[in-house]
Amino acid sequence: MNIGFIGAGHMGSAMIEGLLKAKIVSPKNLYVKGGSSGTAEALQAKLGFQLIYDYNRLKECEVVFIATGAKIVLEVLQEAAPFLAEETILISVATGHTVEDAQAVLGAKIHVVHAIPNTPVSVNEGMIGVAFAQMPEETKNKALAVLTSLGKVEEVNENILGTFGTVAGCSPAFVDIFMEALADGAVREGMSRTLAYEVVAQMLLGTAKLAIDSKKHPGELKDGVTSPGGSTIRGVEALEKNGFRYAVIDAVKQANS
Ligand SMILES: NC(=O)c1ccc[n+]([C@@H]2O[C@H](COP(=O)([O-])OP(=O)(O)OC[C@H]3O[C@@H](n4cnc5c(N)ncnc54)[C@H](OP(=O)(O)O)[C@@H]3O)[C@@H](O)[C@H]2O)c1
């Protein structure tokens, strides 16, 4: 199967890396059109896919991703539309438009999928929210097979995709700050910076895996770590005193506004 990409910025390149790692497509079957800054060229030198400079080769692709900025996505789709073959699955990962908007630009013979991924797709551990236009089950399954190679996929009502994008897509930055702060705390207490980042990252990975595998409520998992009068509950008290929960809720609210 040939896969096409329009846009290879932060999200496009993360998805391209993930798809190649998952071997769902080989570099020679992956056609990527970048913009004007040379980002796609630099990525091509690393990953060896087929760099294209116009939309012509996209007609050979069963699946085409568009990952340009939200403001220009419909305009770029308009340019690309005449070059797409009938029955192409067009997966937009751009925010700020609906399936209906894209369908209006592309016409009824293109299958439109709106997916909101996050950057961990580059290591096949993404969390992807997806909404589909009306399409045959077989076509939907083909799109799902491609997306599932990048991580976990949840089909959601399109009106929740924005919030999905905030929680799955913006939160990695919040968690990165949390990781940095935890490591700063560890360094403050005398641990080396290198060891601190290693410990913090593995702790987060393990905590997430435990939550997923055990299906336990996060509160129950937290209770399991906090012994009476112990050090962890003193840390919890300090977090609450400093408005940790409110800071996180407010971050989601502000990012989603
Ligand atoms: N980043 C995330 O975590 C995330 C999460 C979910 C959804 N999204 C959505 O994904 C989209 C891309 O986000 P991003 O963070 O990857 O932005 P970005 O880094 O700015 O990437 C956008 C890319 O589109 C390229 N481009 C612009 N016009 C083009 C054209 N006509 N043909 C081909 N490529 C073109 C740009 O190329 P040049 O710069 O080289 O001109 C740029 O590399 C946005 O709509 C965003 O809302 C992002």
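## Nonpolar cores

The largest nonpolar core of the chain holds 33 residues, and Phe 65 and Leu 147 have the most contacts inside it. Helix 1 (residues 10-21) gives the largest share of this core, six residues. A nonpolar core here is a set of buried Ala, Val, Leu, Ile, Met, Phe, Trp, Tyr and Cys residues joined through side-chain atoms within 4.5 Å. Buried means under 20% relative accessible area, exposed means over 50%, and partly exposed is in between (1.4 Å probe, protein chains only). Helices (H or I, at least four residues) and strands (E, at least two) are DSSP runs numbered from the N terminus.

Not counting residues up to four places away in sequence, Phe 65 touches Ile 3, Gly 4, Phe 5, Ile 6, Met 15, Leu 19, Ile 91, Val 93, Val 146 and Leu 147. Contact means heavy atoms within 4.5 Å. Another core, of 22 residues, lies apart from the largest one and includes Leu 77, Leu 84, Val 99 and Ala 133. In soluble globular proteins, nonpolar side chains tend to be buried together.

## Basis of the model

This is a predicted model, in which local features need pLDDT of at least 70 and side-chain atom pairs count only at pLDDT 80 or more, while totals for chains, interfaces and linings use all residues. Residues are numbered from 1 along each chain as its sequence is written, and side-chain values use heavy atoms, with hydrogens and water left out.

## Overall chain

The protein chain contains 10 helices and eight strands. Its C-alpha trace spans about 65 × 40 × 30 Å along the principal axes. Of its 257 residues, 38% count as buried. Among contacts between residues at least 6 apart in sequence, 60% join residues at least 24 apart.

The accessible surface of the protein chain is about 14,400 Å², and carbon and sulfur atoms account for 58% of it. Accessible areas come from the Shrake-Rupley method with a 1.4 Å probe; for residues, only the protein chains shown count as cover.

## Ligand surroundings

There are 25 residues around the ligand, of which His 10, Met 11, Ser 37, Thr 68 and Thr 95 come nearest. A residue is near a molecule or strand if one of its heavy atoms lies within 4 Å of it. By class, this shell has 12 nonpolar, 12 polar and one charged residues. Ala, Val, Leu, Ile, Met, Phe, Trp, Tyr, Cys and Pro count as nonpolar, Asp, Glu, Lys and Arg as charged, and the others, Gly among them, as polar.

An N or O atom in the side chain of Ser 37 is 2.5 Å from an oxygen atom of the ligand. At Ser 36, a polar backbone atom is 2.9 Å from a ligand oxygen atom. At Ala 70, a backbone N or O atom lies 3.2 Å from an oxygen atom of the ligand. Taken alone, the ligand exposes 910 Å², and the protein buries 74% of that.

Ser 92 belongs to strand 5 (residues 89-92). Ser 92 counts as buried because its relative accessibility is 0%. Leaving aside neighbours within four places in sequence, Ser 92 is in contact with Ile 66, Val 73, His 97, Val 113, His 114 and Ala 115.

Ile 52 is part of strand 3 (residues 50-52). With 6% relative accessibility, Ile 52 also counts as buried. Beyond neighbours within four places in sequence, Ile 52 is in contact with Tyr 31, Val 32, Lys 33, Gly 34, Arg 57 and Leu 58. The C-alpha atoms of Ile 52 and Gly 34 are separated by 7.8 Å, and the two residues are 18 apart along the chain.

## Loop residues

Lys 23 lies in the loop between helix 1 and strand 2 (30-33). Its phi is near 60°, a positive value in a residue other than glycine. Lys 23 counts as exposed because its relative accessibility is 71%. Ser 26 is found in the loop between helix 1 and strand 2, and is partly exposed, with a relative accessible area of 27%. Ser 26 and Val 130 are 104 residues apart in sequence and 24 Å apart in space, C-alpha to C-alpha.

Glu 87 sits in the loop between helix 3 (73-80) and strand 5. Glu 87 has a positive phi of about 75° although it is not a glycine, and at 49% relative accessibility it counts as partly exposed. Lys 215 lies in the loop between helix 7 (193-214) and helix 8 (218-225). At 71% relative accessibility, Lys 215 counts as exposed.

Conventions. A polar contact is a pair of N or O atoms within 3.5 Å; within protein, one must be able to donate a hydrogen and the other to accept it, and residues adjacent in sequence count only if both atoms are side-chain atoms.
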